[in-house]
Structures are given as C-alpha cells and as structure tokens.
Amino acid sequence: MRQAKRLVGGGAVLVLLLAGAALADPDHDELIVNGEIEMIVRAPAPPHVENLDEIISGWSFRTDETQALQMDDFDNPGMLGVERALVMFDTPMGTAGQACSSCHETPEALRGVRATYPKWDEERQTVQTVEMQVNECLTERMGAEPLGYDSTEMVDMSALIASVSRGMVVDVAIDGPAQSTWEKGREMYYTRFGQLELACANCHEDNAGRMIRADHLSQGQINGFPAYRLNNAALISVHNRFRGCIRDTRAETFEVGSPEFVALELYVASRGNGLTVEGPSVRN
Amino acid sequence: MTGTWRLAAGIVAVATVASAQAVIAPNAVEFDEYGEVAQSLTGVPGNPDAGKEVMATRSLGNCVACHQVTAMADVPFHGDVGPSLDGVADRWSEAQLRGIVIDADRTFPDSIMPAFYKTDGFTRPGDGYTGKAAPADLPPILSAQQVEDVVAYLMTLHDE
C-alpha cells in the first residue's frame, strides 16, 4: 500500500515536470544586434561542463519585448552607461595626468578583453577580473584612486569594455595556473548554500527553462554582463547578480570583488565558452 | 496599545499551552524510515486557511514559487520546479505530508525542496533574505504551528 502510493506519487512528479519543462522552454529566436552583430545564443556545451549538452544565452529565456530591447543600441538602456564611460575613457584621472586613452587610444583597442576574462595575471600571480584590471590601471599607472568594485563608474566602464567585444566567442582559459581557482569556483557552483540549501546548479542546471514564481530560470550564463536590469533600472555587474542569487537562498553572501566571487566568475564564465559576448544585455 | 496587544497575545499563548503538548523542537522531530512524522508538532489542530496564507507568502512557505495549486489560482505566478500539489491528500497521508514539509530530504533524498522546520546543518546560513549571517539561534523557516497549518491545508487538496 505504502509502496504503491509512493510509486503513483513518483509517476505524477515525472509527468508534471516534463510537461512543465515543455511549456517554458527557451525560444529559438536569433539575435542580431544593430542588424550586424551576429550572436551565438546556442552552442554545444564545452567538455568541462559535465551536465549540459547545450549552452544557451540568458537572452533566449526572456520575453520577445525584453529581447527586442537588446537588438538595437538605440533601444538598449545599457548603452547610456557605455556613453558615460566613453567620456571617462578620454578624461585624465590621477596624479600622472593620464586618461585610459593615453595608453589604449580607443576603446576598440580593448576588443577581445571581455571574451577572455577572468584571466591569470602573471605579475600579480592571481586570477583578475575586468574590474580588477581597470583598478590596476587606475592605481598603478595613472596614480588615481580605485573605483568601487560595484560603483556606477566601474559598471559603466565594464559595459564599455564588453561592448567592443560583442559578437566575439567567449574563450576563458581554465587550465594552467588558473586551474585551482577554477576548481574552487566549480565547487561553489555545486554547494547548497543558505537555509534553503540551494546550489547555483539546482536552479540554473537542473531547472533551467522552468518557472520559479514569476521568473523564467535561465542557465545563469554571464556572457551578457554587465546586464541592464529593467527591475532595477540600472546596469548590474556579475558579482552583484551572484550576491543577489546567494542572498535569495537565505544565505550569508560573499562580498562583490571577493576572492570567492572571482573564482565563481571564472567558473561560470567558462560554462559559457562558445557563446558570444553580449554585454551590455537587457534583462527583466 | 502595544501593551494591550501583548497581553492578548499572552493569553492566547497560555491557552494554547494549556490545551496542548509541549511543542516538538526541530532537532527533536522523529521521522520513520520513509520520512514520515506521525506526531503533530504542537498537538493543536492545524488551521487550513492560515496554512494557505503561509504557502502563498514569500517570506514564509513561498510554496507557489515551485508548485502549482489549482485551489490557489487567486495567487499569481505559480512555479513548476516541483510537481502540482493538486490531489496530494489522495496520494499521501497526513504523516507523510508533515514529514515532507518538515524536511523533504527524508522522503525524497537530495530533494531541491527546502526543509521548513530545521535549524542546523546549513552552509553559510543567513538572516532571512538580508544576506547577513544568521543569528546563533537561527529559527526554522516556519514555526511548529505554521507547519501544522500547512499540513492541514494540504489535507484539503483532493482530486475533484
């Protein structure tokens, strides 16, 4: 009796889960930005992502209306941050009297950066994010104060740096000296944090495509970051998003810019190897 | 004003204690090998209406984040991470449902469903949704009576 009940219960679970997944699957639309930048929103999963066959951009999980906002720079509110950063790029900052453009001429000179970061830094013997690299330039080359890791100026600058790599295939290195950091990030991804005991993988690997209350769960890829979130009316950094997701498991979060989040960023970025850089993207 | 309210709450508490067993603490709950919990956590019969409220409220059960319930169609945005709860009272006994709400892992090993009446064994537990560290005496997500209320509501979910 008890066993029979259990089996019936189990069968219902399976059928309903399958039905649910079919209802809310990501769509098969193509993403071409400004009619010219062709994005890869679906790609075969790289071999180091053991539990997925296909990797899918977060863009494919959004509604047609939200998707449309990312298809043209005039509609993309994240591009306002890019414009603010363009001014900063040419503005001398710090005691050396230099601007970013004193060394890098134009933002386009930084094309390719977003696609390969976070990245091992030989001199500093650590994995660096784009934000850490920007602060290295500010403090060590320009004699300026570092920007807050999650400040508006920093997120704008990271949006500018992402924007010039749009359409490039994400190709983050996970071997060599970066490997131990990557492994630390992978361990975090599968750790069930907080009083709700939920791991990143529980939501973004096991349940991508399903609904969790009003949210359509994506694979939690970061190829679109920074992302302009309509709910916040602001550009949001990768670490800000991580902090929100961990907080929502009723956990004590990690700080933006912490070694833990740098490791997690390296790991999550590598799960997107094969997708294209989309930042700044638009999300709800 | 506050004083009167406190007094009233005090009387209710006294009345509850007088008519019931002592509340079973989270780490004193007894599960059988299938994850069932036969004994009520409070001895006070659950209130299904209060249970429905707990299931809909984000800061409490937030069960609809993951489950669809036809009888709760007035609550917007049901998720589908878990199975529909329609007809659960026909599929499970009260003891089974109590066990699932208290700690679903005992019924479904490695379940993604959170344990609603558990206070230890967590990795970096927080203080609710603040992102800050949990206090030393972290309360369970639901109180003993809220668990009983939810179970009472689940027991109303028959097919048809």
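Biologist: Among contacts in chain A between residues at least 6 apart in sequence, what percentage join residues at least 24 apart?
Modeller: That comes to 67% of those contacts. Keep in mind that this is a predicted model.

Biologist: What pLDDT does chain A average?
Modeller: The average is 92, and 92% of the residues in chain A score at least 70.

Biologist: And where does pLDDT stay under 50 in chain A?
Modeller: Over residues 1–23. For that stretch the model has 27 contacts beyond four places in sequence.

Biologist: How many helices and strands in chain A?
Modeller: Eleven helices and eleven strands. The chain has 284 residues and a radius of gyration of 20 Å, close to the 19 Å from the globule rule, so chain A is as compact as a globular protein of that length.

Biologist: How much of chain A is buried?
Modeller: Buried residues make up 55% of its 284 residues.

Biologist: Switching to cores. Which residues touch the most other members of the largest nonpolar core?
Modeller: Leu41(B), Met55(B), Met72(B), Val147(B) and Leu154(B), out of 33 residues in that core. Helix 2 (48–56), helix 4 (94–102) and helix 5 (144–154) of chain B each give two or more residues to this core. Helix 5 of chain B provides the largest share, six residues.

Biologist: What is Leu41(B) in contact with, leaving aside neighbours within four places in sequence?
Modeller: Its contacts include Val23(B), Ile24(B), Arg98(B), Tyr117(B) and Val147(B).

Key:
Residues numbered from 1 in each chain as written. Chains lettered and ligands numbered in written order. Predicted model: local features only at pLDDT ≥ 70, side-chain atom pairs only at ≥ 80, totals over all residues. Heavy atoms only, no water. pLDDT = per-residue confidence, 0-100. Contact = heavy atoms within 4.5 Å. Core = buried A, V, L, I, M, F, W, Y, C linked by side-chain atoms within 4.5 Å. Buried < 20%, exposed > 50% of the residue type's maximum accessible area, 1.4 Å probe, protein only. Helix = DSSP H or I, 4+ residues; strand = E, 2+ residues; numbered from the N terminus. Rg over C-alpha atoms; globule rule 2.2 N^0.38 Å.
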